[in-house]
Amino acid sequence: VGARIAQRVRSGGPERGGQVPSKVSGTRARRATSPGGGVHVEGLDDGMVKLARCCTPVPGDEIIGFVTRGQGVSVHRKDCTNAGNLLATPERIVDVSWSSTVASAFVVAVYIEGLDRTGMLAESSSTLAEEKVGILSVRLETSKDRKFRSTITFETAETTHVQHIMKRLNRLPGVYEVRRV
């Protein structure tokens with residue numbers, strides 16, 4: 001089985017009209033800070049496995065592997081917005097699992113929405129600092145109707161930590177929505 005998967009990856013996957021669905025072909029993938037992103041695919045070395053940027057899977061997420069054309073296996077969360085397109089080509093789906101020795105940081109983006117008030121950004125940043133996560137970027141918009149929308153991108157090692165952080169952010173005064181992007 002492993003040799004068959006490796007052959008499919010090297011050859012760019014089985015041909016199906018010569019085209020990859022448009023949403024998939026535009027998907028960029030990134031490598032986690034550890035080789036292979038801590039994902040195991042039987043028969044493949046770590047250099048051929050990449051974590052998809054569209055859904056940024058982290059250990060604990062349910063994941064699927066997709067054999068790309070010339071890029072190895074792209075790993076997506078099962079609830080990824082691209083999953084429907086990926087599952088339309090079942091011959092390119094491979095079983096993947098998180099390695100039991102995952103010890104690296106993964107990039108996660110969290111969307112926050114609520115009432116705009118003084119100190120909201122400081123409290124959000126302080127919450128993340130208390131959780132000892134490194135903030136990579138913050139995008140914040142406010143509107144005339146006193147609402148704010150923010151996307152905070154940070155690094156973490158596992159899904160349970162992300163869920164804990166999201167619960168803490170959701171408890172901030174004025175916040176009414178927190179979700180992963």
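Modeller: G38 counts as buried because its relative accessibility is 10%; buried means under 20% relative accessible area, exposed over 50%, and partly exposed in between, with a 1.4 Å probe and protein chains only. This is a predicted model, in which local features need pLDDT of at least 70 and side-chain atom pairs count only at pLDDT 80 or more, while totals for chains, interfaces and linings use all residues. Residues are numbered from 1 along each chain as its sequence is written, and side-chain values use heavy atoms, with hydrogens and water left out.

G38 sits in the loop that runs between β1 (29–30) and β2 (39–40); strands (E, at least two residues) and helices (H or I, at least four) are DSSP runs numbered from the N terminus. The C-alpha atom of G38 is separated by 5.2 Å from that of S99, although the two residues are 61 apart along the chain.

Burial is also the theme in strand β5 (residues 73–77), where 5 of the 5 residues are buried. Both of its faces are covered: V73, V75 and R77 lie on one side, S74 and H76 on the other, and all are buried. Strand β3 (residues 49–52) runs parallel to β5 and is joined to it by 3 bridges; strands pair if DSSP finds at least two bridges between them. Within that pairing, K50 has S74 of β5 as its bridge partner. Strand β4 (residues 63–67) pairs with β5 in the antiparallel sense, over 5 bridges, and here I64 is the bridge partner of H76. β4 and β5 also form a hairpin with 5 residues between them, and G70 in its turn has a positive phi of about 80°.

With a relative accessibility of 38%, L121 counts as partly exposed. Together with I135, V138 and L140, L121 forms a nonpolar surface patch of about 300 Å² accessible area. Patches take residues with over 30% relative accessible area and no salt bridge, joining nonpolar side chains (Val, Leu, Ile, Met, Phe, Trp, Tyr) within 5 Å and like charges within 9 Å; areas come from the Shrake-Rupley method with a 1.4 Å probe, and for residues only the protein chains shown count as cover. Strand β9 (residues 135–142) gives the largest share of this patch, 3 residues.

The count of salt bridges is 6, each a side-chain nitrogen of Lys or Arg within 4 Å of a carboxyl oxygen of Asp or Glu. One of them joins E123 and R117, at 2.7 Å from N to O. E123 is partly exposed at 27% relative accessibility, and R117 is partly exposed at 24%. Another joins E130 to R168, with the closest N and O atoms 2.4 Å apart. E130 lies in helix α4 and R168 in helix α5 (residues 159–170), so this pair ties together parts that are 38 residues apart in sequence. E131 also forms a salt bridge with R168, the closest N and O atoms being 2.8 Å apart. That pair links distant parts of the chain as well, with E131 in the loop between α4 and β9, 37 residues from R168. E130 counts as partly exposed at 47% relative accessibility, whereas E131 is buried at 15%.
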